[in-house]
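Dear colleague,

Please look through the sequence and the model before reading the notes that come after them.

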Amino acid sequence: MTIAPLMPVYPRCGVRPVRGEGCYLIAEDGTRYLDMAAGIAVNALGHSHPKLIEAIQRQAATLMHVSNLYGSPQGEHFAQRLVDATFADTVFFTNSGAEAVECAIKTARRYHYANGHPERHDLITFNNAFHGRTLGTISATNQAKMRDGFEPLLPGFKYAPFDDLAAALALVDEHTAGFLVEPIQGEGGLRPASEAFLKGLRQACDEHGLLLVLDEVQCGYGRTGTFFAHELYGVTPDIMASAKGIGGGFPLGACLATAEAAKGMVFGTHGSTYGGNPLAMAAGEAVLDVIQEPGFLDHVTAMGQRLRQALEQMIPNHDHLFEEVRGHGLMLGLKLKTDARRFVGFLRDEHQLLTVSAGDNVVRLVPPLVIDESHVAECVEKLSAAARVYVPVADD
Ligand code: PLP
């Protein structure tokens, strides 16, 4: 039996990037790609942003890592800035999105335990959700492709159709801790929740003493033109997972919570060797500095509108292929009438345009938040050029 040294769990394509410059990736063979994927919604500042480079280099030369057994001036400072900018009163730093969701799940369970209701341990989650690849987070989705072969999974999750308030409420019983939901499903097919759905979940939480846990790992951190996507909906969570854009490419995540929701998270209940180390905090602060610059989020909104309009204008010219555009800000999905994975490969190999496929035959456009009009124009030109010559195969 032979196996590649790099465990072959990804269907890796032929592009082998070795350098990044702003919104472009340069491959080993010198090919230059327009990067509308941004490491799957991670490189919020694009590639090689000077402020992020400078902050990481400076911190690496000063103090890279210490244990969480010591005081953390770096963590306290960054956490305070996140608290000041959000609904949250407290933050736990992680190294990834899945860990941020794990912390959110634990925080929700501990809340009810601290309130004398350990039996309220179930989170209601949603069809096509994606919360990560740990055992806990694959238990929080009912997608067979992520779960098969990994049973037994973690009990304590129930699944309702996404955006179906009545179905979600019908699952509430004496064991329910709350709801875990992405305001805009990313991997599941770029599906935004409706306002009535999220507001309805919030109301049910308030009425029944449940917790609203949002997974904003993909849709948060400026991507929708607001700091977090829930702001678009006028809905406030009790607990929220953030990651991806928060580190701009440095592995960083965060679980944010209100003081009330985090009441069970006392000494010894959770931890991480690396979580929130000085190097990660420096990266996080540098990204936040840029995102909080006046006009930055307005730029995201403006570029999102421009990209959306351009895509909507393009669709009727290729209506054998494209169906609709959905999403918010710079988290947009182009729904195809045919297989999206194959078209994404065609865009990449024939037109040097990097996108990501998502469920429901959607081409995801989650570019660096620093894109400008020239990148929008180039992206839509490449999409149109590809659509003109693309031949879907019959059984797509
Ligand atoms: N939650 C959502 C909504 C995601 O999109 C992802 C990753 O794509 C995760 C959680 C898991 O994040 P990570 O891969 O950093 O563990």
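The notes below describe a sheet, one of its strands, and a single loop residue.

Please bear in mind that this is a predicted model.

The sheet. Seven strands make up an open sheet with mixed pairing, and their order is β4-β12-β11-β10-β7-β5-β6. At its edges are β4 (90-94) and β6 (157-160), each of which pairs on one side only. On average, neighbouring strands in this sheet are turned by 20 degrees against each other, direction ignored.

Strand β12 and its partners. Strand β12 covers residues 253-257 and pairs with β4 in the antiparallel sense, over five bridges. Within this pairing, Thr-94 has Gly-253 of β12 as its bridge partner, and Phe-93 stands opposite Ala-254. Strand β11 (residues 239-242) also pairs with β12 in the antiparallel sense, here over four bridges. In that pairing, Met-240 is the bridge partner of Leu-256 in β12.

Is β12 mostly covered or mostly open? The strand is mostly covered, with five of its five residues buried. Both of its faces are covered: Gly-253, Cys-255 and Ala-257 are buried on one side, and Ala-254 and Leu-256 are buried on the other.

Helices across the sheet. Helix α3 (residues 73-85) lies across β4 and β12, and runs at about 125 degrees to β4. Helix α8 (residues 195-208) lies across β5 (122-126), β7 (176-181) and β10 (211-215), running at about 160 degrees to β7.

Residue Asp-360. I would also draw your attention to Asp-360, which is found in the loop between β16 (356-358) and β17 (362-365). Its relative accessibility is 32%, so Asp-360 counts as partly exposed; the class lies between the limits of under 20% for buried and over 50% for exposed.

Which residues does Asp-360 touch, not counting those up to four places away in sequence? They are Gly-188, Gly-189, Arg-191, Arg-326 and Lys-335. A further relation concerns Asp-339: Asp-360 and Asp-339 are 21 residues apart in sequence, and their C-alpha atoms are 8.7 Å apart in space.

Yours sincerely

Terms used. Residues are numbered from 1 along each chain as its sequence is written. This is a predicted model: local features need pLDDT of at least 70, side-chain atom pairs count only at pLDDT 80 or more; totals for chains, interfaces and linings use all residues. Side-chain values use heavy atoms; hydrogens and water are left out. Helices (H or I, at least four residues) and strands (E, at least two) are DSSP runs, numbered from the N terminus. Buried means under 20% relative accessible area, exposed over 50%, partly exposed in between (1.4 Å probe, protein chains only). Contact means heavy atoms within 4.5 Å. Two strands pair if DSSP finds at least two bridges between them. Axes are lines fitted to C-alpha atoms, for helices over the stretch in contact, and angles run from 0 to 180 degrees between N-to-C directions.
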